[in-house]
Amino acid sequence: MKRHLISAGDLTKDDALLILDTAEELASVSERSIKKLPTLRGRTVVNLFFEDSTRTRISFEAAAKRLSADVINFSAKGSSVSKGESLKDTALTLEAMGADAVVIRHGASGAPHRLANWVHGSVVNAGDGTHEHPTQALLDAFSMRRRLGALEGRKITIVGDVLHSRVARSNVLLLGTLGADVTLVAPPTLLPVSVGTWPCEVSYDLDAVLPKSDVVMMLRVQKERMNAAYFPSEREYSRRYGLDRDRFAKMPDDAIVMHPGPMNRGMEIAAEVADSARSTIVEQVANGVTIRMAVLYLLLGGETT
Amino acid sequence: MIIKNVRILGGEPVSIRIADGVIAEVAPGMDAPEAIDGGGAIALPGLVDLHTHLREPGREDAETVQTGTQSAARGGYTAVHAMANTSPVADTAGVVEQVWRLGREHGLCDVHPVGAVTVGLEGRQLAELGAMADSAARVRVFSDDGKCVDDAVLMRRALEYVKAFDGVVAQHAQEPRLTSGAQMNEGVVSGRLGLTGWPAVAEEAIIARDCLLAAHVGSRLHVCHVSTAGSVEIIRWAKSKGWNVTAEVTPHHLLLTDDLVEESPVGAYNPIYKVNPPLRTRADVEALRAALADGTIDIVATDHAPHPVEDKETEWSAAAMGMVGLETALSVVQEAMVETGLLDWAGVAQRMSALPARIGRLPGQGRPLEAGEPANIMLYDPSARTKVDPSAFASKSRNTPYEGMTLPGRVVATFLRGRPTVLEGKLV
Amino acid sequence: MSDSRAVLEAPDIHRALTRIAHEILERTKGADDVVLLGIPTRGATLARRLGDRVEQFEGVKIPVGSVDITMYRDDLRLRPARPLGHTELPPDGIDGKVVVLVDDVLYSGRTVRAALDALNDLGRPTAVQLATLVDRGHRELPIRADYVGKNLPTAKSEKVKVYLQEIDGRDAVVLVKGGAR
């Protein structure tokens with residue numbers, strides 16, 4: 001594995017399987033009474049969050065603490081830290097504190113790449129702008145694998161705002177690496193113009209794709225996209241691309257429903273679909289801690305250069 | 001003064017005798033004890049840049065008229081057009097005269113201020129174009145560069161109005177709504193990197209509209225930094241109609257592509273490649289080279305855009321757009337156009353000196369190296385190979401995308417009206 | 001091939017495990033509360049074999065599991081991060097049980113130390129015992145085995161390799177001469 005985890009594309013198939021297998025072993029730690037391993041004693045993990053994301057930060061924090069790492073939370077949101085100059089200065093500060101890993105969430109695509117130039121520790125991308133969110137993709141793949149077994153040849157449909165989705169980008173790359181067949185479904189306005197070059201299929205017709213899907217992953221639709229005329233109205237979006245009960249019924253009986261959260265219930269996903277037994281939405285959260293433990297262990301658990 | 005052993009436009013070795021800032025004689029074999037030995041270098045008329053950001057007044061931390069003209073001289077330039085997007089904006093006779101005077105005081109390179117088209121570059125009201133034209137700075141080129149004059153009526157009026165003093169409107173073609181928040185060329189790479197796309201059509205649509213407007217009102221249009229194959233097609237079409245449209249391309253758009261944002265020796269998302277208009281694709285680069293070769297694109301202009309380190313050592317979206325270019329321009333043109341066989345040295349002189357001087361209406365620049373012409377001369381050794389070292393730049397800024405690259409050629413000397421500003425590659 | 005010789009062949013291993021199974025039964029008075037926990041990879045296989053033998057001899061099925069010690073190692077930082085082995089506790093856990101840790105080779109004792117730490121996080125056995133197929137000496141910690149298949153005097157420069165049918169396709173313990181470090 002590379003020193004950093006910035007893009008899901010950085011992972012070879014062996015890397016990805018190693019992370020998933022490691023997570024499989026670590027899953028039991030969450031179930032025992034002492035949910036802690038001594039492995040990363042003396043290591044320092046900094047959570048550097050330039051965007052609010054309590055869920056992701058807590059997930060990384062729990063993962064690091066379960067491995068006995070020291071965790072420093074650095075929330076840059078709300079402070080004057082918004083210009084890039086400060087990203088570099090912040091990086092130098094973290095360097096001085098001896099951070100072995102920096103988990104970064106940033107509103108600018110590519111911020112983790114830049115950070116990696118300025119720190120010696122491992123950089124873990126916890127979501128950068130509209131670029132990638134590799135640990136989300138890993139936890140999604142982990143959740144799928146626990147439900148469905150190996151992902152080779154599985155039909156996975158990702159629905160929604162692909163253009164602005166870091167989750168979609170990371171999933172397309174990772175699931176492709178793992179041998180799954182990914183189909184993106186979205187209104188054409190919410191797909192990159194170059195999506196034809198991506199290693200996946202593209203469709204504008206959700207109803208046509210659903211009956212052939214083993215997994216349907218619904219992406220969150222940001223309200224602000226509506227103002228920018230990506231689609232006419234919430235109602236129309238929901239009618240054409242929302243996963244309601246009727247559409248849910250078109251899915252194969254053993255197919256599962258995923259959502260990276262937070263959900264707009266009634267918009268991209270109906271409440272009863274989100275809460276059904278075939279929804280992995282709740283276990284995705286628990287799996288998030290496990291997969292992040294695996295990532296931190298594999299990046300920091302051995303010798304460091 | 002005699003400059004001996006130089007090859008004008010790459011021809012046979014000759015000597016050039018200069019008296020009172022004018023070329024007195026060009027002939028083989030002339031010598032004198034104090035003669036400057038060109039060592040077989042190519043002699044070209046001093047280069048003329050139609051598109052330079054000198055940053056003074058307002059951003060003297062990035063560049064000043066002094067350092068900018070030093071940089072120009074080191075690049076072989078004897079005249080530059082200083083863009084109007086300073087602070088305050090060069091939208092009055094007072095500001096353009098100040099910049100012009102600073103250029104004269106430093107005396108390294110003629111500085112011709114470009115006047116803003118609209119007050120404060122705000123695109124609402126025409127600036128006092130006539131006053132700037134009549135000022136000591138004799139402004140002939142008007143541009144809101146950095147911003148597009150996107151209001152069609154305002155653009156029409158500007159094109160019409162500058163006819164009174166033989167001015168030209170140099171348009172920064174960028175449809176603002178199509179490029180809101182745009183970060184890089186919209187295409188395969190932007191889609192992968194999750195950076196907001198900057199579609200080619202945002203440039204092409206404005207160019208098409210402006211060509212039609214220029215034709216309609218019978219005025220001169222100059223298109224700044226053409227960057228797409230589609231723009232080339234539109235300009236070719238406009239020229240075929242006989243319309244008075246000229247266009248420039250920057251050295252970086254002749255050499256670099258948008259893949260560098262994803263993969264380069266300086267790492268992904270390095271804002272050293274962030275520029276407006278953005279780096280485009282290989283197909284665009286090929287089209288631009290062909291267009292410059294066949295004259296569809298008239299000239300090379302640097303769009304020298306200095307920025308301090310802290311404006312580039314950031315995450316991509318926070319970084320400033322632009323690259324310095326004066327000191328590498330000819331080398332890049334050699335690499336992209338001469339080494340590829342697309343242009344000879346006469347063609348280079350035409351596109352980097354004669355035509356930009358003509359578009360800018362500079363009578364004393366861009367003239368052939370003949371007896372009786374002003375002694376604006378640059379000497380260039382095309383056989384040299386230089387590893388680009390930004391710390392050696394005369395520019396105050398270091399934001400070059402070529403750092404560490406080995407480029408062909410070296411500027412040996414520059415003469416401004418007979419007076420050397422650069423000798424042995426060093427400022428005099 | 002480097003200079004190596006088999007010190008135990010399949011029948012030797014068979015006999016050694018049979019003896020250890022008897023000793024466990026004897027020492028734990030019928031193995032009522034015993035849980036066999038193997039240390040992956042080969043310790044886990046040996047634990048299963050011991051469990052099978054105990055069942056064969058006494059007709060009692062004793063719980064068998066595995067405990068991976070990777071995350072508890074004291075030398076993690078000396079090598080790149082290692083893949084994890086499998087930890088699987090019997091359904092009733094290890095609280096109040098007599099845990100017999102099973103490993104293939106006892107050497108420095110550091111693996112066993114790590115296993116004891118791991119057990120500490122997994123529950124509270126009444127006692128922990130240690131069974132090993134080979135004890136090759138050179139202890140670096142105050143640890144000794146309760147059940148030993150074979151005491152094998154070695155030089156530190158030598159390597160002991162254990163092959164098991166389930167994993168390697170044959171049963172053997174091979175001593176590899178030094179210099180191959």
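Q: Which residues of chain A does UniProt list for "domain: Aspartate/ornithine carbamoyltransferase Asp/Orn-binding"?
A: The unreviewed UniProt entry lists residues 152-299 of chain A. UniProt positions follow the numbering used here, feature names are shortened, and annotations may be inferred rather than shown by experiment. This is a predicted model, where local features need pLDDT of at least 70, side-chain atom pairs count only at pLDDT 80 or more, and totals for chains, interfaces and linings use all residues. Residues are numbered from 1 along each chain as its sequence is written, while chains are lettered from A and ligands numbered from 1 in the order in which they are written.

Q: What is the helix and strand content over residues 152-299 of chain A?
A: The chain there is 39% helix and 14% strand. Helices (H or I, at least four residues) and strands (E, at least two) are DSSP runs, numbered from the N terminus. The end C-alpha atoms of this stretch are 26 Å apart.

Q: What makes strand 5 and strand 6 of chain A a pair?
A: Two strands pair if DSSP finds at least two bridges between them. Strand 5 (residues 155-159) and strand 6 (residues 181-185) of chain A are joined by 5 bridges, so they pair, and they run parallel. A:Thr157 has A:Thr183 in strand 6 as its bridge partner.

Q: Why are strand 7 and strand 9 of chain A said to stand at the edges?
A: The open sheet has 5 strands in the order 7-6-5-8-9, with parallel pairing. Strand 7 (201-203) and strand 9 (256-258) each have a single partner strand, so one side of each is left without a neighbour in the sheet. From one strand to the next, the twist averages 20°. For the angle, axes are lines fitted to C-alpha atoms (for helices over the stretch in contact), and angles run from 0 to 180 degrees between N-to-C directions.

Q: Why is A:Arg166 called buried?
A: A residue is buried if 20 or more other C-beta atoms lie within 10 Å of its own, exposed if 12 or fewer, and partly exposed in between, with C-beta atoms placed from the backbone. A:Arg166 has 23, so it is buried. The residue is found in helix 6 (residues 166-177) of chain A. The UniProt annotation "binding site" (unreviewed entry) covers A:Arg166, along with A:Lys83 and A:Arg220.

Q: Why is A:Arg220 called partly exposed?
A: A:Arg220 has 19 other C-beta atoms within 10 Å, so it falls in the in-between class. A:Arg220 is found in the loop between strand 8 (215-218) and helix 8 (224-227) of chain A.

Q: Which residue of chain B is in contact with A:Arg166, leaving aside neighbours within four places in sequence?
A: B:Gly194 is in contact with A:Arg166. Contact means that the C-beta atoms, placed from the backbone, lie within 7 Å. Among the chain A contacts of A:Arg166 are A:Asp128 and A:His131.

Q: How do you know that chain C is as compact as a globular protein of its length?
A: The radius of gyration, taken over C-alpha atoms, is set against the globule rule, 2.2 Å times the number of residues to the power 0.38. Chain C has 16 Å, close to the 16 Å that the rule gives for 181 residues, so it is as compact as a globular protein of that length. Buried residues make up 41% of chain C. Chain C has 4 helices and 8 strands.

How values were computed. Contact = placed C-beta atoms within 7 Å.
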